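Take a moment to look over the model before reading on.

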Amino acid sequence: MKNKYIFRAFLAGIVTLVMMLSAFGCSLAVEGAGEGEESISRDQMIGVFITTEPLIFDWDAEKRIFATVDKGDSSEPHEWNIYFEGIDGINFFDGVWKSENGNSFNMLTCGEEVCDIKTHYMSTDEGEGVELSGTVYNLPTNDLIYYSNPVYQTPDGKIYTVGGDGNHIGTFGLGGKLTTTLTDEVKVTEDGVTETNKISVQITYEGEYEPVEITVCQMDNNNQIVKTEKYAPGALPEAIKAERETAYIIVETKRNNPENPDDSIRELYTRSETRHTYFETFRLTNKGRLAKMSTRIEW
């Protein structure tokens with residue numbers, strides 16, 4: 001399982017269904033959150049583990065499945081492989097880890113299928129807060145139910161997941177969306193002072209067609225073609241060097257839209273002498289799911 005990692009230094013101290021123009025909304029709170037004394041010392045939710053099948057638990061076991069943290073020979077958390085043994089799913093959670101010097105930091109662990117990631121961290125006298133959001137793009141040919149299984153972390157760093165609700169995505173076409181939000185809060189009392197730590201995790205499932213071919217076309221100031229390169233999805237290089245006379249670049253992605261064989265999307269990027277420009281394109285993972293890759297334009 002491929003994971004992406006995003007770090008943040010730790011500062012000590014629903015469902016909405018959108019189909020075309022229709023929108024409906026509500027909020028899902030994790031059971032047991034905000035229940036006074038019962039929430040004190042309870043493990044903190046740190047994110048979700050997304051599956052397309054409901055989790056199966058042993059009859060006599062607690063309804064928790066612990067993650068395997070394969071550290072290999074490394075003491076650096078970003079080099080660890082975190083997975084739930086034998087379960088096909090997508091990680092999207094923000095754990096708290098300690099470095100060798102004892103400092104704590106957040107590390108967002110997410111599967112390659114989670115796109116458009118946004119994070120927001122808050123630290124006040126009242127407690128800590130984390131807001132996570134991301135999008136999983138679903139092919140219209142995949143008639144699936146996505147289960148958003150809450151993930152928790154124990155005080156000693158163990159990670160586990162519990163069963164979550166399923167949302168039927170169906171064969172969403174382009175623009176079809178379904179958004180699930182999970183929230184949780186835990187009260188922590190230390191030296192007579194109580195803080196409330198909160199988290200909100202929002203996942204949007206959105207329909208998107210499979211990419212077929214990606215064309216990168218460099219244009220000059222007279223709107224004449226300087227250079228054209230075609231790529232298979234996922235085969236773009238990490239960086240593309242713009243020619244000296246290139247004024248802007250058009251990136252065109254042809255998509256497998258059964259209702260429109262000529263379907264494509266185009267994005268334009270103008271020359272910048274002060275910074276690199278990045279663009280994203282879709283690709284298929286080895287599990288047949290959609291993910292995004294980033295390519296840098298060097299002007």
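**A sheet and one of its residues**

In this predicted model, four strands form an open sheet in the order 19-18-21-22, and their pairing is antiparallel. The edges are strand 19 (225–231) and strand 22 (264–270), each of which pairs on one side only. Ignoring direction, neighbouring strands of this sheet are turned against each other by 15° on average. Strands of a sheet pair through backbone hydrogen bonds, either parallel or antiparallel.

One pairing can be followed in detail. Strand 18, which covers residues 211–219, is joined to strand 19 by six bridges in the antiparallel sense.

Now move to strand 21, residues 248–255, where Thr253 is found. Is Thr253 buried or exposed? Its relative accessible area is 8%, and a residue counts as buried under 20%, so Thr253 is buried. Which residues does Thr253 contact, once its neighbours within four places in sequence are set aside? They are Pro211, Glu213, Ile214, Asp263, Ser264, Ile265 and Thr281.

Finally, step back to the whole protein chain. Its secondary structure consists of 24 strands and zero helices. The chain has 299 residues, of which 44% count as buried. It exposes about 16,300 Å², and 49% of that area is supplied by carbon and sulfur atoms.

Conventions: Residues numbered from 1 in each chain as written. Predicted model: local features only at pLDDT ≥ 70, side-chain atom pairs only at ≥ 80, totals over all residues. Heavy atoms only, no water. Helix = DSSP H or I, 4+ residues; strand = E, 2+ residues; numbered from the N terminus. Buried < 20%, exposed > 50% of the residue type's maximum accessible area, 1.4 Å probe, protein only. Areas by Shrake-Rupley, 256 points an atom, 1.4 Å probe, with all protein chains shown as cover. Contact = heavy atoms within 4.5 Å. Pairing = 2+ DSSP bridges. Axes fitted to C-alpha atoms, helices over the stretch in contact; angles between N-to-C directions.
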